[in-house]
Amino acid sequence: MDKTVKLVFQDGLEIEGKSFGAYTSAAGEVVFNTALVGYNESLTDPSYKGQIMVMTAPMIGNYGVPDDKAMINEIEAWMESNQIQVTGLVVSYYADDYSHWNAIQKLGAWLESQNIPGIYGIDTRMITKKLREQGSTLGKIVADQDIEYYDPNQDNLVDEVSCKEVIRYNEGADIKIVLIDCGVKNNIIRCFVNRDVEVIRVPWDYDYSTLEYDGLFISNGPGDPALCVPTINHIKESLKVDKPIFGICLGNQLVSLAAGASTFKLKYGHRSHNQPVQLVGTKRCFITSQNHGYAVDDSKLPEGFTTFFTNLNDGTCEGIRHESKPFFTVQFHPEAMGGPVDTEYLFDEFIEEVKKYKNANA
């Protein structure tokens, strides 16, 4: 700790800071996170795969890190996956001393245990303004040696973070949901299990058509949705029947692509716990947690589909739904952990649609 390291941007800007975590170099897409709390969850969110996370909150690390090996219902109790997903962490002030009832180690020690570098002593709000004005950019944390820049969006990151075999949770429950794992957050699984649903978690490119299930869920995940061709093709087949479908984040984009719409890369993405979205056709506004770099072009939605939610900051599409079939998706995270849970009711609405379908086809 306290060794000098540099944050270097692709445009040549170099900012000097101090090291915490692993003293090693790392590269990726530089993105910001405006959350005041929840760094444990954000760092383990597979949607951040391949990215250098810049935290705008002025102090990070003050509540330490809980046991990342603790398990409840066969999933990590306090994390969103089984490992840190970012390639590096940038903070303004790193608190080496921590105090929290369930913390067992320092943030820096946890990063070091997984060979992830951190840099502090940097004006992270200035960096966030730079990213908002300039747009997404590549960068690197340079410690022991210089390295090449790395663009994670060129790789199929979903294949890297998805499970490799079918996994079942809460087996034997009456309602069975197939969950396409594109980089699923653990709290999505918790939200289903807590509602007494059996979750059949399948790899991103798995042909689930032979499985017995009552509803289809497509998870969040990292990178360019257009690279998930097998998933899109499987969803196309699912859209031909009336079995309920629910997608979150990348799942929203994949369902939209399967339906015939298109996606585009946002200038700097939506990455915060306080994004306002409006339920289309009403005056209802919800505060949501988001982390994504791509969005759906809802001007090209096919017949039968309509916009579900709209982002009140920039007017982008925040979800779609079918006018007559039980299909709907959202770009934000109803299961936010941490962050607002104003829209967690969408899990209940999805399960109600699944029950209706199941009863009608009993």
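**Barrel, domains and buried residues**

Guide: UniProt, in an unreviewed entry, lists residues 3–142 as "domain: Carbamoyl-phosphate synthase small subunit N-terminal". UniProt positions are in the numbering used here, with shortened feature names, and annotations may be inferred rather than shown by experiment. This is a predicted model: local features need pLDDT of at least 70, side-chain atom pairs count only at pLDDT 80 or more, and totals for chains, interfaces and linings use all residues. Residues are numbered from 1 along each chain as its sequence is written, and side-chain values use heavy atoms, leaving out hydrogens and water.

Visitor: What is the strand order in the closed barrel?

Guide: Seven strands run 1-2-12-9-4-3-13, with mixed pairing. Neighbouring strands of this sheet are turned by 35° against each other on average, direction ignored.

Visitor: What makes strand 9 and strand 12 a pair?

Guide: Two strands pair if DSSP finds at least two bridges between them. Two bridges join strand 9 (residues 88–90) to strand 12 (residues 117–120). V90 stands opposite I119 in strand 12.

Visitor: Which helix packs on the sheet?

Guide: Helix 3 (residues 124–134) does. Among the strands it touches are strand 1 (4–9), strand 4 (51–55) and strand 13 (137–142). Contact means heavy atoms within 4.5 Å. The direction of helix 3 makes about 90° with that of strand 3 (26–33). Axes are lines fitted to C-alpha atoms, for helices over the stretch in contact, and angles run from 0 to 180 degrees between N-to-C directions.

Visitor: Why is N40 called buried?

Guide: Buried means under 20% relative accessible area, exposed over 50%, partly exposed in between (1.4 Å probe, protein chains only). N40 has 4% relative accessibility, so N40 counts as buried. N40 lies in helix 1 (residues 39–43). Leaving out residues up to four places away in sequence, N40 touches Y63, G64, V65, P66, M79 and W110.

Visitor: What domains does the assignment give?

Guide: Domain 1 (4–154) and domain 2 (157–361). Such bounds come from an automatic or database domain assignment. The contact takes 33 residues from domain 1 and 31 residues from domain 2. The domain centres, taken over C-alpha atoms, are separated by 26 Å.

Visitor: Which residues does UniProt list for "active site"?

Guide: The unreviewed entry lists C249, H333 and E335. They are spread over 87 residues of sequence but cluster in space, with a largest C-alpha distance of 11.1 Å.

Visitor: Why do C249 and H333 count as buried?

Guide: C249 is at 1% relative accessibility, so C249 counts as buried. H333 is at 2%, so H333 counts as buried too. C249 lies in the loop between strand 18 (245–248) and helix 7 (250–259). H333 is in the loop between strand 24 (327–330) and helix 8 (345–360). Setting aside neighbours within four places in sequence, C249 contacts residues including N220, N291 and H333.

Notes: Helix = DSSP H or I, 4+ residues; strand = E, 2+ residues; numbered from the N terminus.
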